[in-house]
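Dear colleague,

Please find below the structure I am handing over to you, together with its sequence.

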Amino acid sequence: MQDCKVNILGTEYDVLFQGIEENKFLANADGYVDRSVNKIVISKKEDDCELEDFEAYQKKCLRHEIIHAFMEESGLSVNFEHKPIGIEETTVDWFAIQSPKIFKVFQELDIL
């Protein structure tokens, strides 16, 4: 995967793929959104990574962070963040994981 730009609800975000040596924040996360500068950062494969299909994992992380960006741009993230049960991460994970299946059904029904 390579760096690119994506439009999230009218706001352009840079999507960057970086290693831990380039970005210290990736030492504790596989990806993140920085709303202050409109960027999404996803970790590159490190030498000690044991995942066989890292590209599939990277795509999963990117979907997750894109959902965060949509929540940021729609104003939802600040509403969820203060819930004691961590609903934001649960919601983001659910949508990021299920969206390919949902979109497949939409495509099959020609309702996109």
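Predicted model: local features only at pLDDT ≥ 70, side-chain atom pairs only at ≥ 80, totals over all residues.

Helix H3 spans residues 87-108, and the two partners lie four residues apart in it, about one turn of the helix. Glu108 is exposed, with a relative accessible area of 56%.

The structure holds six salt bridges. Another of them joins Arg35 to Glu73, whose closest N and O atoms are 2.9 Å apart. This pair links distant parts of the chain, 38 residues apart: Arg35 belongs to the loop between strand E3 (31-34) and E4, whereas Glu73 belongs to helix H1. Arg35 counts as partly exposed, at 36% relative accessibility. Glu73, with a relative accessible area of 19%, is buried, because the cut-off for that class is under 20%.

A further salt bridge connects Lys5 and Asp14, with 2.4 Å between the closest N and O atoms. Lys5 is exposed, at a relative accessible area of 53%, while Asp14 is partly exposed, at 27%. Together with Glu12, these two residues are linked in a network of salt bridges.

The strands may be described next. Strand E1 (residues 4-8) runs antiparallel to E2, and five bridges join them. Cys4 stands opposite Val15 in E2. E1 and E2 form a hairpin with two residues between them, and Leu9 in the turn has a positive phi of about 50°. E2 also pairs with E4; these strands run parallel and are joined by five bridges. Within this pairing, Phe17 has Ile42 in E4 as its bridge partner. E2 is mostly covered, with six of its eight residues buried.

Finally, I turn to the interior. In soluble globular proteins, nonpolar side chains tend to be buried together. Here the largest nonpolar core has nine residues, namely Ile8, Tyr13, Val15, Phe17, Ile40, Ile42, Cys61, Leu62 and Ala69. Strand E2 (11-18), strand E4 (39-43) and helix H1 (54-74) each supply at least two residues of this core. Ile8, a member of the core, touches Tyr13, Ile66, Ala69, Phe70 and Glu73, leaving aside residues up to four places away in sequence. Glu73 is also the salt-bridge partner of Arg35.

With kind regards

Technical notes. Residues numbered from 1 in each chain as written. Heavy atoms only, no water. Core = buried A, V, L, I, M, F, W, Y, C linked by side-chain atoms within 4.5 Å. Buried < 20%, exposed > 50% of the residue type's maximum accessible area, 1.4 Å probe, protein only. Contact = heavy atoms within 4.5 Å. Salt bridge = Lys/Arg side-chain N within 4 Å of Asp/Glu carboxyl O. Pairing = 2+ DSSP bridges.
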